[in-house]
Every structure is written in C-alpha cells, then in structure tokens.
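Thanks for coming, everyone. I'll talk about side-chain contacts today. Have a look at the sequence and the fold first.

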Amino acid sequence: MADVEKQTLNKGYYGPSIPPPSRSYHSHGRGSGCGCCCCLLGFLLKLIVAVVVIVGIAVLLFWLIVRPNKVKFHVVDASLTEFNLTSDNTLQYNLTVNMTVRNPNKRIGIYFDRIEAKAYYEDALLESVELQRYYQGHKSTHYLNPEFNGESTVSLGASELSDFNSEKASGTYSIDVKLNLRIRFKLGILKIGTFKPKVTCDLKVPLNSDGTSSGTFQTTKCDVDF
C-alpha cells in the first residue's frame, strides 16, 4: 500500500490543486462618459484658441491697413475780458476759446454727433454750452469756438480763495475747459460704433481788460481719454 501511494505521488502529484480563474466582470456604461466629456472639453478649448487667433490676426491686419491714430485737440487761443469775484461768491466771467481738432487718419472719417463744452474754475462748473455737430474728413483740421459768458455762484474755500487772489495779482487764471463727445468713425461706407471720449484742456488764461492784456496765451495740448 505504501508502494502504491509512493507511485501515485511520483507519477501524478505536482502540488496543491490550482483553483479555477476568477471571472472579471466589466460594468458597461461606466467610464465612457468621462472620455466623451474630455473630448468635448478638448474640442471647445481648441475652438476658443482658434477664435482668439483669428480675431488677433484680424485686428493686426486692420491696424496694418488702416493705421488708426488718435484725434488731436489743441487750444490755440483763449481770451478773458472779465473774471470778477463779488462779495457774495458770484463769479462773473467772459471767456472765449479757440480750439483746433485734427484728424490725422488717411482712411477714417469722424462724425461728431454731440459736443458739449464746459468751463471750470477750481473744480466749480461755470457754464456748459452745446456746439454744432459736424463730420470731419480724412487728414483735416476743424475749428471749435466755445464762448462762456455770464455769472455763476462758486464756493471757494480758504485755499481756493488764496489762489484766486494770487492769480488776480498776476493777471493769469487757471481755467479748465472740457469736452464731452459722442462720436462715430467712418471707414469706407461703414459707420463704426458709438464712442464717448472726454477731452480736458488745462489752460492758463491771461486777463485782457480794457484792451490791455496781462500776458500772452500759450497754445495748449489737450488730453483725450477714450
């Protein structure tokens, strides 16, 4: 009996029995959604990049072809014939301003649909006037002549009153003239957008009283803020 068992061991026994392979179960429908979503996000990202590149190229080509430049504003002359502060804080004034508007563009015209001119002294509004709207062609210069004549109640503190007395002694006053604009650009047959730039002119205006001027006005470049 021992010999039989020995023969069996020598001929057919190779170790413990091997268990059958376990079955793996794949859950259908899971994981595929993530791949689809990733593909969609990748497509959207590529689309956004392509749009940005196309817009950038279009803007670059537009700039190279049109070469847009800012409109330039200068005050070439300003005259004060009255600037008197009464005891009840009423400022009497008579101010005339001569401005040039230069369009340096070769291919762009400008519609000035609204021009509002305002005069300020020590941040106090003196008067607001509406100027006539117009169209300005390529590489041309236009003249604006706002006039401010009247009186306005102003509230000057001790510092502002000291400045006024100092300027009165020198005969030259610091007056700000500002333009509020509404404009459109014309390129070929196209009328482009509506823009509202602001123009600020910081002026030193000599008083010209009874035909006698206290100084000479210097041409002043205005700041344009789009």
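A salt bridge here is a side-chain nitrogen of Lys or Arg within 4 Å of a carboxyl oxygen of Asp or Glu. And please keep in mind that this is a predicted model.

How many salt bridges does the structure hold? Three. Start with D113 and R184. Their closest N and O atoms are 2.6 Å apart, within the 4 Å cut-off, so the pair counts as a salt bridge. D113 lies in strand β3 and R184 in strand β8, so this bridge ties together parts that are 71 residues apart in sequence. Buried or exposed? D113 is buried, at 17% relative accessibility. R184 is partly exposed, at 23%.

Next, R114. This arginine meets E116 in a salt bridge, at 3.5 Å from N to O. R114 also bridges to E130, where the closest N and O atoms are 3.1 Å apart. Put together, R114, E116 and E130 form a network of salt bridges. E116 is buried, with a relative accessible area of 12%. R114 is partly exposed, at 30%.

Now the rings. The structure holds eight aromatic pairs. One of them is Y121 with F164. The ring centres are 6.1 Å apart and the planes stand at 85 degrees, so the pair is edge-to-face. Where do the two residues sit? Y121 is in strand β3, residues 108-121, and F164 is in helix α3, residues 158-170. They are 43 residues apart in the chain. Both are buried: Y121 has a relative accessible area of 1%, and F164 has 4%. Y121 and F164 also belong to one aromatic cluster, together with F83 and Y173.

A second pair is F185 with F195. This one is tilted, with 5.3 Å centre to centre and 50 degrees between the planes. F185 is in strand β8, residues 172-187, and F195 is in strand β9, residues 190-195. The two are 10 residues apart. F195 is partly exposed, at 31% relative accessibility.

Last, lysines over rings. The charged end of K178 sits over the ring of Y120, 4.9 Å from its centre. K186 lies over the face of Y135, at 5.7 Å from the ring centre.

That's my list. Questions, please.

How values were computed: Residues numbered from 1 in each chain as written. Predicted model: local features only at pLDDT ≥ 70, side-chain atom pairs only at ≥ 80, totals over all residues. Heavy atoms only, no water. Phe/Tyr/Trp six-rings, centres within 6.5 Å; stacked < 30°, edge-to-face > 60°. Helix = DSSP H or I, 4+ residues; strand = E, 2+ residues; numbered from the N terminus. Buried < 20%, exposed > 50% of the residue type's maximum accessible area, 1.4 Å probe, protein only. Lys NZ or Arg CZ within 6 Å of the ring centre and 35° of its normal.
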